[in-house]
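Here is a short briefing for a first look at this model. Read it alongside the sequence and the 3D view.

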Amino acid sequence: MKRFVAISAFLLLAATSLFAHAGHEHTYMGTVTVINNNTEFVLTTAEEQELTVQTTAETKWRRADGHAAAQSELVVGARVVVKMGKDGKSAAEIKIGSSPAAH
Amino acid sequence: MNGPESSKRLRQCHERYSQLLQFEVGLVHDRGTSIAPPARPEKKMDDDTPESAVRRPGLGTGVVCALLLVCLCILTMSTLRYGFSARDKPTKIESVVASMARHWSIPSSVRERKNPVALSREVLADGQAHFADHCYLCHGNDGKGQTGMGKGMYPRTPDLTLPATQSLSDGELFAIIENGVRMTGMPGFGDGTTASAEASWKLVHFIRHLPRLTPEELAAMERSNPKSSEDWEQLEREAAFLAGGDEASSPAPTNAVQPHHH
């Protein structure tokens, strides 16, 4: 019985580690609601979830067509697609789309 | 074979066997073991060969063997304890040896070759398209190797914009593309045809251009990178969302977090 429990616990831990999914990139899409400073802004997703995004000097800024953009093009109300870096904390790439002024 | 000659050969063999036995006995004694020497034929050496001259190579060999044994033990213990991982950073020795091996693997006749394809805008465009299609997965469009695959290679995928690569000759770059590099993630892309060689020479031109790659060229490469149908769907959803499409049918994922394809 003890052996069975030990093996089960081991397999459970092994399976958990397989699904840990650490170190991979994620993509978020939403509308910019707040720009705190040069290294942080908040976006709201379609599900009304708020997400604070950190940017660094390494963050790549692009327009929707893939061309390079400047960070200053980020404004409140703009739609963005954020690809997070492997650290899961800061953005690796931010695509800036349409903003309210464009409508 | 006549009688006297056969006898002479037999005597020579016997002398050689005797010398080998002497050498072996020297080894056993040097290790300090108490193994009795096996029964052997009567010692028969040249009179002018001192015994120490026979024992000396045995001592040296024994020391070398002992050192190798110690190194093997340390390596085995280290491996059993820590294992091997491609995530480790290659040691300096490994890097130096690998660089030397790569250098030697390319014949000097190939190493000294100049690019036979004349540089032109079209040639550079061909090289760029080829690189974006075949090489970006490991090297990245910018050639810096900072991709998921590139950063996990052992040895790491080199930054092609740095002098370590840019200082290689045209022939060396060509040979690496055509033949690959053993014990690394670099495959040989050549198939021995003229078309393959021409494509590789064009790539050599593009690799030379990598340090001066413009943002526009990078964007063009990203658009031409091979993508799966899922990638295309994701890009289309992103493009529609960024263009201000209906938010209700926006690409926002059901849980607001979409795993990036990797």
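The buried residues of helix α5 of chain B are Gly127(B), Gln128(B), Phe131(B) and Ala132(B). Seen down the axis of α5(B), these buried residues fall within an arc of 130°, so they line one face of the helix. This is a predicted model: local features need pLDDT of at least 70, side-chain atom pairs count only at pLDDT 80 or more, and totals for chains, interfaces and linings use all residues. Residues are numbered from 1 along each chain as its sequence is written, while chains are lettered from A and ligands numbered from 1 in the order in which they are written.

**Terms used**

- A residue is buried if 20 or more other C-beta atoms lie within 10 Å of its own, exposed if 12 or fewer, and partly exposed in between; C-beta atoms are placed from the backbone.
- Helices (H or I, at least four residues) and strands (E, at least two) are DSSP runs, numbered from the N terminus.
- Two residues are in contact if their C-beta atoms, placed from the backbone, lie within 7 Å.
- The arc is that of the directions from the helix axis to the C-beta atoms.

**The two chains**

- Chain A holds 1 helix and 6 strands. From the N terminus on, its elements run α-β-β-β-β-β-β.
- Of the 103 residues in chain A, 22% are buried.
- Take the contacts in chain A between residues at least 6 apart in sequence: 46% of them join residues at least 24 apart.
- Chain B has 12 helices and 1 strand. Along the sequence, its pattern is α-α-α-α-α-α-α-α-α-α-α-α-β.
- Buried residues make up 17% of the 262 residues of chain B.
- For contacts in chain B between residues at least 6 apart in sequence, 66% join residues at least 24 apart.

**Helix α5 of chain B**

- Helix α5(B) covers residues 121-134. At 1.5 Å a residue, its 14 residues should span 20 Å, and its end C-alpha atoms are 20 Å apart, which agrees. The expected span is 1.5 Å times one less than the number of residues.
- The cover over the buried residues of α5(B) includes α6 (136-139), α10 (194-209) and α11 (215-224) of chain B.
- α5(B) and α11(B) pack at an angle of about 50°, with their axes 9 Å apart. That makes α5(B) oblique to α11(B).
- Axes are lines fitted to C-alpha atoms, for helices over the stretch in contact, and angles run from 0 to 180 degrees between N-to-C directions.
- Angles under 35 degrees count as roughly parallel, over 145 as roughly antiparallel, 65 to 115 as roughly perpendicular and the rest as oblique.
- α5(B) passes α11(B) in a right-handed crossing. A crossing is left-handed if the near helix is turned anticlockwise from the far one by less than a right angle, and right-handed if clockwise.
- On the α5(B) side, Gln128(B), Ala129(B), Ala132(B) and Asp133(B) make the contact.

**Helices α9 and α10 of chain B**

- The axes of α9 (residues 170-179) and α10(B) come within 9 Å and cross at roughly 125°. That makes α9(B) oblique to α10(B).
- This crossing of α9(B) and α10(B) is right-handed.
- Contact residues of α9(B) include Leu173(B), Phe174(B) and Ile177(B). Those of α10(B) include Trp201(B), Val204(B) and Ile207(B).

**Helix α12 of chain B**

- The buried residues of α12(B) are Arg237(B), Glu238(B), Phe241(B) and Leu242(B). They fall within an arc of 130° seen down the axis of α12(B), so they line one face of the helix.
- Ser229(B), Trp232(B), Glu233(B) and Glu236(B), on the other side of α12(B), are exposed.
- Gly244(B) follows α12(B) and has a positive phi, near 95°.

**Two single residues**

- Met84(A) is found in strand β5 of chain A. Met84(A) is buried, with 22 other C-beta atoms within 10 Å.
- Asp142(B) lies in the loop between α6 and α7 (148-152) of chain B. Asp142(B) is partly exposed, with 18 other C-beta atoms within 10 Å.
- Asp142(B) and Leu218(B) are 76 residues apart in sequence and 7.0 Å apart in space, C-alpha to C-alpha.
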